[in-house]
Amino acid sequence: VNAKSRTWTLGLDGALLAPVRLVMAAIDVPLRALQKAAGQGGMAAFFLLPNMAIFTIFVLVPFVINFAYSMTGGTAIFLDSRTFVGAEQYREIFSCTNFLDPSSCLRDEFWIAVGNTAWFVVIQVALIVVVALTTALVLNRDIRGRSFWRAVFFFPVLLSPVVTGLIWRWILQRQGLLNLILFRLFGFEPYTWLTDRHASFAAAVGVSVWAHVGFYALILLAGLQAIPKDLYEAAEMDGTRPTRTFWRITLPLLAPNLLVVLVFSLIRAVQVFDEVYVLTGGGPGTSTLFMIQYIYEKGFASQLRDPGLAAAASILMGAVLVVLTLLQLAVSRRNEKKGEV
Amino acid sequence: MAGIVRFITRRRGDNGWHWTDIVTWVWLIGGLLVMFGPAVWLVFSSFKTPAALAEFPPSLLPYVTQEVTVKGYDHPLPLYAVTMPDGKTEKLAEVRRIGLVAQMVDPANPGEIVKINISNRRPVETVSFAISNYTEPFIHFDFLRYLWNSVFVTTMATLITLVVNSMAAFALSKYRFRGQHLIMLIILGTLMVPLGVIMVPLYSVISAFGLFNNLWSVILPTVATPTGVFLLRQYMLTIPDELIDAARMDKASEWQIYWRIVLPLAAPALAVLAIFSVVWRWNDFLWPLIALSRKELYTLQVGLSVYSGQLNVQWHYILAMTVVTMIPVVLVFVFLQRFITTGIAGTGLK
């Protein structure tokens, strides 16, 4: 039976691959000519070309002309019909009488978004580290069906942000699951959570932790499993208490992975948008307005469109991300140097 | 049941329960409820009628009030279980309700109208799945169109991603040339440049190429992903150069070396990238939201978000379409979860 099924799959593969093979062989003819002209090394350029062309057009060029955009004003989309204003956009962003009070700024919404994002990053990253670490420790224990439980915590990671946002919007609305549970357990009257400023912000944090924590738990679990078992055995033989083992062996050896999780989740938290946008739409008011949504609305969605301002805001956010990315590269460089523990 | 519990909770060593065991199981069971519960609730809700969705407290299963056709009445009447004054329970159909009093008839005896206080009756409910939540959006709205757009974008983007990135990774791993380090540096440096930072100028680049309101505007900016190049290059570095030298001796062209030797050997890494690419592109939201403004070009994610953002949200359709949008990812999760989790643990990418 085995041999038969193998020939069957081979046949299927053959049928599927036959046209591909034909195309590849046809391409080979002009490419041999090219190779003759350009030489072996020249072919490297050929292989790089498609990727580099797409990358240049759709990533590098926008990246560069973003600076030009941030120096122009008006509502026009195309650069050539926009007026040059120099550093005016930045000056307006930074014209505040009191930097701790967004309402004292000319661009008050920008600073509200900055403040919201900062709070979000701090709370969400702290929660992610704690929850992911607990989950990883639990999954690393001697439990049955570990791959099942690992999958349980990983499940929301793959869901699309729109689906995540809608699921939770449905749970937090008036006739939703949360109100049902509170009603059945405590007899609470139904409440519209997403119309409350604080509840809405808490929901934004909670939902994004729910959606991403499984990913970080996996990284930490991999780190835990790389810790040599004999260290624990030695500790046990010395009669070390489990809490002491945790602080003296587990945590120090997990530190590189924890650092990766910290920096990764920081970078991602700064860019929070999709699921929160679907969940709350940035509201009520501006209570869950974050940086990316601010840029999106200033650039495209709002009535008073201001692409220059959006570009300036995105460059400021990009600067923060560059710092975080350099931090990440430094972390991974350090981990590499140390090698596998 | 007790046997199952004992099987699941059985521990190696068997030296009694420690407080950490209790924490472990509370965490696991709690995790099961919190992680899967919302999705299960969504699926059950998606089969409810609009009337059932507006009820509080909501039920888990989709119930509808049973209806009967009674002779002499044009429309089917809702059926209620009524506690009669003599304490017996009878099934009566409601004709109309005036204040606290319901006028009801016995379906078997339609002539006689009985007046009942509404606190003495309960609707007779049966579990019924509102399949129309699923069928109608496909007929009346453009959801089939959105589904097709999503499938098209995901497939094309993934195919191009694989070809373009594997070619670049081949060049970067198997050739020595000037500027190689610079290119690697650029790739590493932009690993983390998010779309959010470049969306304003990218919009004008797209428009300049005449791609605005075209599905290719969603596909092209995503395909040259530095993550993909990086992942494939790291894998191709492990392919021994001797194989390639041997092929060159046999007068194989560089192109043949690429597609007949390197590509098949890099299949595991290609598979990981393919899975990631499918999930990424299926879930993409912000850029399609910007680049596609014509309704018939929406992807599922954009369509869902636009419909759910309307003033009068038709939740019964939205919920059903959310479930549909979830299906491919759930399939990937069920069948390919192992690859993804080992991929993440190994490379730390998402």
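This is a predicted model: local features need pLDDT of at least 70, side-chain atom pairs count only at pLDDT 80 or more; totals for chains, interfaces and linings use all residues.
1. The crossing in which helix 3 of chain A passes helix 2 of chain B is left-handed. On the chain A side the contact is made by Val131(A), Thr134(A), Thr135(A), Val138(A) and Leu139(A) of helix 3, and on the chain B side by Thr24(B), Trp27(B) and Leu28(B) of helix 2. By class, the residues of this contact between helix 3 of chain A and helix 2 of chain B comprise five nonpolar, three polar and no charged.

2. The contact of the two chains takes 100 residues from chain A and 103 residues from chain B. Between them, chain B and chain A bury about 9,300 Å², with 78% of it on carbon and sulfur atoms. Within chain B, the residues that lose the most area to chain A are Met35(B), Phe56(B) and Trp255(B), which together account for 9% of what that side buries. The count of salt bridges between chain B and chain A is zero.

3. Helix 3 of chain A also packs against helix 9 (residues 242-270) of chain A, at an angle of about 140° and with the axes 10 Å apart. That angle makes helix 3 of chain A oblique to helix 9 of chain A, and the crossing of helix 3 and helix 9 of chain A is right-handed. Among the residues that make the contact are Phe120(A), Gln124(A), Ile128(A) and Leu137(A) of helix 3 of chain A, and Phe246(A), Leu254(A), Ser265(A) and Val270(A) of helix 9 of chain A. The residues of the contact of helix 3 with helix 9 of chain A divide into 16 nonpolar, four polar and no charged.

4. Helix 5 (residues 161-172) of chain A packs with helix 7 (residues 197-225) of chain A at an angle of about 130°, their axes being 11 Å apart. Helix 5 of chain A is therefore oblique to helix 7 of chain A, and helix 5 passes helix 7 of chain A in a right-handed crossing. Here Thr164(A), Trp168(A) and Leu172(A) of helix 5 of chain A meet Ala203(A), Val207(A), Trp210(A) and Ala211(A) of helix 7 of chain A. This contact of helix 5 with helix 7 of chain A has six nonpolar residues, one polar residue and no charged residues.

Methods: Residues are numbered from 1 along each chain as its sequence is written. Chains are lettered from A and ligands numbered from 1 in the order in which they are written. Side-chain values use heavy atoms; hydrogens and water are left out. A crossing is left-handed if the near helix is turned anticlockwise from the far one by less than a right angle, and right-handed if clockwise. Helices (H or I, at least four residues) and strands (E, at least two) are DSSP runs, numbered from the N terminus. Contact means heavy atoms within 4.5 Å. Ala, Val, Leu, Ile, Met, Phe, Trp, Tyr, Cys and Pro count as nonpolar, Asp, Glu, Lys and Arg as charged, and the others, Gly among them, as polar. Buried area is the accessible area (1.4 Å probe) that two parts lose on being put together, summed over both. A salt bridge is a side-chain nitrogen of Lys or Arg within 4 Å of a carboxyl oxygen of Asp or Glu. Axes are lines fitted to C-alpha atoms, for helices over the stretch in contact, and angles run from 0 to 180 degrees between N-to-C directions. Angles under 35 degrees count as roughly parallel, over 145 as roughly antiparallel, 65 to 115 as roughly perpendicular and the rest as oblique.
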